[in-house]
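Subject: Structure handover

Hi,

Here is the structure I promised to pass on. My notes follow below it.

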Amino acid sequence: MNRFLWLVRREVWEHKAIWVAPAIVIGCLVLLMLTGNVHLGPIGTVNGHAVLGEATDEIKLKLLVIVYAGLALVVFMVMGIVAFFYALDALYADRRDRLVLFWKSLPLSDAETVLSKFAVAIVVIPLVALAASLVAQLVIAAGGSARLALEGIGGAVMWRPEALFGGFAVAFLWCVTAMLWYAPVVGYLMLASAWAPRGPFLWAVLPPVGLWVGERFVVGSEHVGDFITGRLFGLYGLLGARSDGSPGAEGDEMAKISQVDLVGGLREFYASPELWLGVVAAALLLAGAMWVRRYRDETS
Amino acid sequence: MSELIVARGLRKSFGSTQALSGVDFRVESGRIVGLIGPNGAGKTTALKAMLGLTRFEGELSVLGLNPYLQRHRLMQDVCFIADVAVLPRWIRVSQLIDFVAATHPRFRREVCEQFLSRSDVRKGSRVRELSKGMVTQLHLALVMAIDAKLLVLDEPTLGLDILMRKQFYETLLNEYFDEQRTILVTTHQVEEVEHILTDLLFIDRGRIVLDAAMDEVQEQYAQVAVRPEHLAAARTRQPIAERQGLGRTHMLFRGVDRAELERLGEVGVPSVADLFVAVIQGART
């Protein structure tokens, strides 16, 4: 097990984007706060009401949870891009310049090597994303409350644990869901990365896009396209903050806010076969990547 | 003596080209074997098969294991350097040592550090900041610090200057090699290794064309600087090679009585390079 952690550590040494990217996001956020460019927008006003000044506590907290979770979403998207390119590069960089001959001279199996890289994409990067989103929340809480205080409105509400923990809990649930949902995408990218003779990006992207375009022009249907966009973006349907559908919500922004349910779609989602079939597909794709890594030893 | 590597009917083809066409050989422990062949002879394929880097047909066992299926177990007792000393460019020397120490049960950190202390490699540097010779020294230090039963060196001194090469083979012989270890080495610089080899394995066009211990070779083969008046007589003895040099004709004989050869001219031990050329040419005609 210790050996596995060393394999993971090696990946973090090599792929600096894993910690540089979130550091840049947080750096930008701090900069925006310091230069006063963050307009508190929805936190500040809804329908012309200065919400944080006037609304009920319940509405204030709800809004803050939405803002904190939304912030986490921005961090997740950046880290999603990091994970995409990491998975695409991991097993290709491993072979580049005949380097694989060195790694393979160590008593490390192909399976544990591939698993360590998968673990980085699917566990380490999400954990870094969660930590970064927590820091981002604290930055916003500090900057936001200072600004509210300057405007004479009490900013202490931004530090309420219900808001901070509430936002973080939503972010955590989204994060875990995304890990499961995107596992087969990571598996696919790693298989392409293990196999590609060169340019893993094109080798990974061209076949599905080719099938998509081909189907569209030859058969005229969009099954492949729906499948791809469904897997890539299907998760975002869950974010569409669902109201509980009571008719009174129409028109009244305040009431709408109170009815927003950020994690309401998850239960249904976890019951869907698509999610679990994806997890099975991820395992198969990973097994494929292990098998390919065993004989694929050079890039051309 | 135990057999470390046993190959029977070892084959490998790439499309229609046969890189190895049914090769048999054995390597016993405690030997230093030179695997020598021209480019494209199947050397690298044979090495890769032994190291579990490529699939093969036929039988091959290294330390009793199937290299392709049990590579990670095999690598606890085997270490190798591929022909170009390539190490990850982004890594720091200290990180690399930590990593190998953590993942290799037989790595002896103090041995590695002792080797490095004699080189110009500094532990804080990144590999990309090192010269090619320094990368090679680092790689050699890592590999020599592994207490392995079999060491495979594929063109280990490529990119090293003459001083470093000499130093490398001296270190290998004096500080690394002992009765418990076996070394398999391929190189184009045959003259550098011939004095340390105990066994020769010549390979050409996917076949083994010579498999002999060094002392057998010295008994069987002889090079004679034939005196001009004995040229015709010498040729009736069917030399396996003949070349002109410094006013004398040098002929290489196999299995001819020594006393007889001495009548034809001065008898000497053929160099591995001369033997190689003669055997390969003989095998091809």
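In E7(B), Thr182(B) is the bridge partner of Leu150(B). The two strands concerned, E6 (residues 150-154) and E7 (residues 182-186) of chain B, pair in the parallel sense over five bridges. Strands pair if DSSP finds at least two bridges between them. Strands (E, at least two residues) and helices (H or I, at least four) are DSSP runs, numbered from the N terminus.

On provenance: this is a predicted model, where local features need pLDDT of at least 70, side-chain atom pairs count only at pLDDT 80 or more, and totals for chains, interfaces and linings use all residues. Residues are numbered from 1 along each chain as its sequence is written, while chains are lettered from A and ligands numbered from 1 in the order in which they are written.

The sheet in chain B is open and has six strands, ordered E5-E6-E7-E3-E8-E9, with mixed pairing. E5 (78-81) and E9 (207-213) of chain B stand at the edges with a single partner strand each, so one side of each lacks a neighbour in the sheet. Neighbouring strands are turned by 15° against each other on average, direction ignored.

Now chain A. Helices H2 (residues 17-34) and H7 (residues 110-150) of chain A pack at about 10°, axes 10 Å apart. Axes are lines fitted to C-alpha atoms, for helices over the stretch in contact; angles run from 0 to 180 degrees between N-to-C directions. H2(A) and H7(A) are therefore roughly parallel (angles under 35 degrees; over 145 is roughly antiparallel, 65 to 115 roughly perpendicular, the rest oblique).

Best wishes
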